[in-house]
Amino acid sequence: MKNTLMLLGIALLPAVACHRVQSRVHDGKVDTVINQAPDRSAFIEAIGIGASDPALPTDTQRKALARDAAIVKAQYEMLSMLRGVTLEGGITVERALETDSKLEARLKEVIRGAEVIKSEFTDDQGCVVTLRLPRARVEALGAPSK
């Protein structure tokens, strides 16, 4: 059993390692130019930048709230990207959402399940978060990605 688990772990490492997440923060600051490539073969990625109230008493509180804000922003960006996806028959997700409340609920659930693959903090306790969503989850909604 241990040998089987060990072999599985070794087999999975290259698949995980081949997806490198780009750093968006350098020298404690958000890059002036952020090149986004949301189409990464098997994944859809979105980033969000968040900040918190500088008057909060602790560094941990400021960072936690900044990260939460960045996650929400990245989810919003991902929703915006997915709304433009064309479904079978030429209709966009945006148009389908107008008539199918169940699709809207499923789409929001899928986005909430997106994986936070990187959180980077700035010197002023801001945060840049990168979210990743497997294309297979979008396709399972009946919305084949572009």
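Reader: How many helices and how many strands are there in the chain?

Author: The chain has five helices and six strands. Keep in mind that this is a predicted model.

Reader: In what order do the elements run from the N terminus on?

Author: The order is α-β-β-β-β-α-α-α-β-β-α.

Reader: And how much of the chain counts as buried?

Author: The chain has 146 residues, and 32% of them count as buried.

Reader: What share of the contacts comes from residues 24 or more positions apart?

Author: Such pairs account for 61% of the contacts in the chain with a separation of 6 or more.

Reader: Let's look at H2. Which residues does it cover, and how far does it reach?

Author: H2 covers residues 59-83, which is 25 residues. From its first C-alpha to its last it reaches 36 Å, close to the 36 Å expected at 1.5 Å a residue.

Reader: Which residues of H2 are buried?

Author: They are Arg62, Ala66, Ala70, Ile71, Ala74, Met78, Leu79 and Leu82.

Reader: What covers them?

Author: The cover includes strands E4 (43-50), E5 (115-121) and E6 (127-134). Helices H3 (93-99), H4 (101-112) and H5 (135-140) are also part of it.

Reader: Take H4, then. At roughly what angle do the axes of H2 and H4 cross?

Author: They cross at roughly 135 degrees and come within 10 Å. That angle makes H2 oblique to H4.

Reader: Is the crossing left-handed or right-handed?

Author: H2 passes H4 in a right-handed crossing. On the H2 side the contact is made by Gln75, Met78, Leu79 and Leu82, and on the H4 side by Leu107, Ile111 and Arg112.

Reader: How do those residues divide into nonpolar, polar and charged?

Author: In the contact of H2 with H4, five are nonpolar, one is polar and one is charged.

Reader: What is leucine 82 in contact with, leaving aside neighbours within four places in sequence?

Author: Leucine 82 is in contact with Ile44, Val93, Leu107, Ile111, Leu133 and Val138. Valine 138 is 56 residues from leucine 82 along the chain, yet their C-alpha atoms are separated by 8.4 Å.

Reader: What about lysine 73: where is its place?

Author: Lysine 73 is also in helix H2. This lysine is partly exposed, with a relative accessible area of 35%.

Reader: Now the loops. Where does threonine 86 lie?

Author: Threonine 86 lies in the loop between H2 and H3. At 30% relative accessibility, this threonine counts as partly exposed. Alanine 96 is ten residues away from threonine 86 along the chain, and their C-alpha atoms are separated by 9.6 Å.

Reader: And where is the place of glutamine 125?

Author: Glutamine 125 is in the loop between E5 and E6. It has a positive phi of about 65 degrees, although it is not a glycine.

Reader: Is glutamine 125 buried or exposed?

Author: Glutamine 125 is buried, with a relative accessible area of 18%.

Technical notes. Residues numbered from 1 in each chain as written. Predicted model: local features only at pLDDT ≥ 70, side-chain atom pairs only at ≥ 80, totals over all residues. Heavy atoms only, no water. Helix = DSSP H or I, 4+ residues; strand = E, 2+ residues; numbered from the N terminus. Expected span 1.5 Å × (residues − 1). Buried < 20%, exposed > 50% of the residue type's maximum accessible area, 1.4 Å probe, protein only. Contact = heavy atoms within 4.5 Å. Axes fitted to C-alpha atoms, helices over the stretch in contact; angles between N-to-C directions. Parallel < 35°, antiparallel > 145°, perpendicular 65-115°, else oblique. Left-handed = near helix turned anticlockwise from the far one by under 90°. Nonpolar A, V, L, I, M, F, W, Y, C, P; charged D, E, K, R; others polar.
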